[in-house]
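Reader: Please take me through the side-chain links and contacts in one close look. Keep it brisk, and give the cut-offs as you go.

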Amino acid sequence: IFRDNQAGDGGALTIEGSTVTIAGCLLVGNVADGGGGAAEFGFYCHAEIQNSTLVGNQAGSGSGQIQLSAPLTTLTADRTIIAFSDGQAVAVGPEDVAFSCCNVFGNLGGDWTGNLDGQLGIDGNVAEDPLFCDLEGGDYSLTPVSPCAPGGQPSCGLVGALPVGCASADFVAAPTEGPIPL
């Protein structure tokens with residue numbers, strides 16, 4: 001869990017010149033002065049994000065969630081939720097980006113934009129409210145009717161870092177767009 005960190009770039013993570021896999025992680029409420037509220041991937045970085053949840057991260061400029069800021073940088077994401085940031089979901093230059101079974105939703109600066117454009121609706125990618133149990137209360141587990149719960153997208157299985165964690169009756173409605181109050 002990377003929660004409530006603050007940095008110049010990459011509120012939770014800044015990585016350069018490496019190959020990195022981020023798996024089963026929750027990145028929430030991180031703040032960057034520059035790009036990448038959750039993560040900034042720089043020169044010659046090859047990043048893979050699997051079964052992770054990025055929620056409510058913020059950046060002063062660039063992306064509220066993920067920033068790819070250098071040439072020869074690649075990003076793949078699989079079964080990951082990227083939701084409710086104050087900026088664009090992923091800000092990239094000409095880098096190589098490939099998403100599968102991801103839910104990108106409610107990011108004020110745009111969801112499936114830039115290099116993500118054209119990936120919505122293919123390979124299991126959706127833009128639907130993830131239906132967290134209690135977004136404002138900080139419970140990022142899923143309701144049974146979440147599109148990210150197993151069965152929500154049958155070919156994908158669980159999308160995100162956390163499983164179903166509440167009954168539908170316990171669900172607290174979330175704001176329909178924009179960053180979450182921290």
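**Cysteine links and ring pairs**

Author: Cys156 is buried, at 8% relative accessibility. Buried here means under 20% relative accessible area, exposed means over 50%, and partly exposed lies in between (1.4 Å probe, protein chains only). The model is a predicted one: local features need pLDDT of at least 70, side-chain atom pairs count only at pLDDT 80 or more, and totals for chains, interfaces and linings use all residues. Residues are numbered from 1 along each chain as its sequence is written, and side-chain values use heavy atoms, with hydrogens and water left out.

First, confidence. The protein has a mean pLDDT of 89, where pLDDT is the predictor's confidence in each residue, from 0 to 100. Of its residues, 91% reach 70 or more. Among the elements, strand E16 (residues 103-105) has the highest mean, 98. Strand E11 (residues 63-68) has the lowest, 86. Helices (H or I, at least four residues) and strands (E, at least two) are DSSP runs, numbered from the N terminus.

Now the disulfides. The whole structure holds 2 of them; the criterion is a pair of cysteine sulfur atoms within 2.5 Å.

The S-S bond shows -75°, a left-handed link between Cys101 and Cys156. Cys101 sits in the loop between strand E15 (96-100) and E16, and Cys156 in the segment after strand E18 (139-142), so the bond ties together parts 55 residues apart in sequence. Cys101 is buried too, at 10% relative accessibility.

The other disulfide is between Cys133 and Cys166, again with S to S at 2.1 Å. This link of Cys133 and Cys166 is left-handed, at -95° about the S-S bond. Distant parts of the chain are linked: Cys133 belongs to strand E17 (residues 132-134), and Cys166 to the segment after E18, 33 residues apart. Cys133 is buried at 2% relative accessibility. Cys166 is buried at 13%.

Number the bonded cysteines in sequence order and the pairing reads 1-3, 2-4. Cys45 is in no disulfide; the nearest cysteine sulfur is that of Cys25, 14 Å away. Cys45 is buried, with a relative accessible area of 0%.

Cys102 is another case. Cys102 is buried at 0% relative accessibility.

Next, the rings. The structure holds 3 aromatic pairs. Rings of Phe, Tyr and Trp (its six-membered ring) pair if their centres lie within 6.5 Å; planes under 30 degrees apart are stacked, over 60 edge-to-face, and the rest tilted.

One of the pairs is Phe84 with Phe105, which is edge-to-face: 5.7 Å centre to centre, with 85° between the planes. Phe84 lies in the loop between strand E13 (81-83) and strand E14 (88-91), and Phe105 in strand E16, so the contact ties together parts 21 residues apart in sequence. Phe84 is buried at 0% relative accessibility. Phe105 is buried at 17%.

Phe99 and Trp112 have ring centres 5.9 Å apart and planes at 80°, so this pair is edge-to-face. Phe99 is in strand E15 and Trp112 in the loop between E16 and E17, so parts 13 residues apart in sequence are tied together. Both Phe99 and Trp112 are buried.
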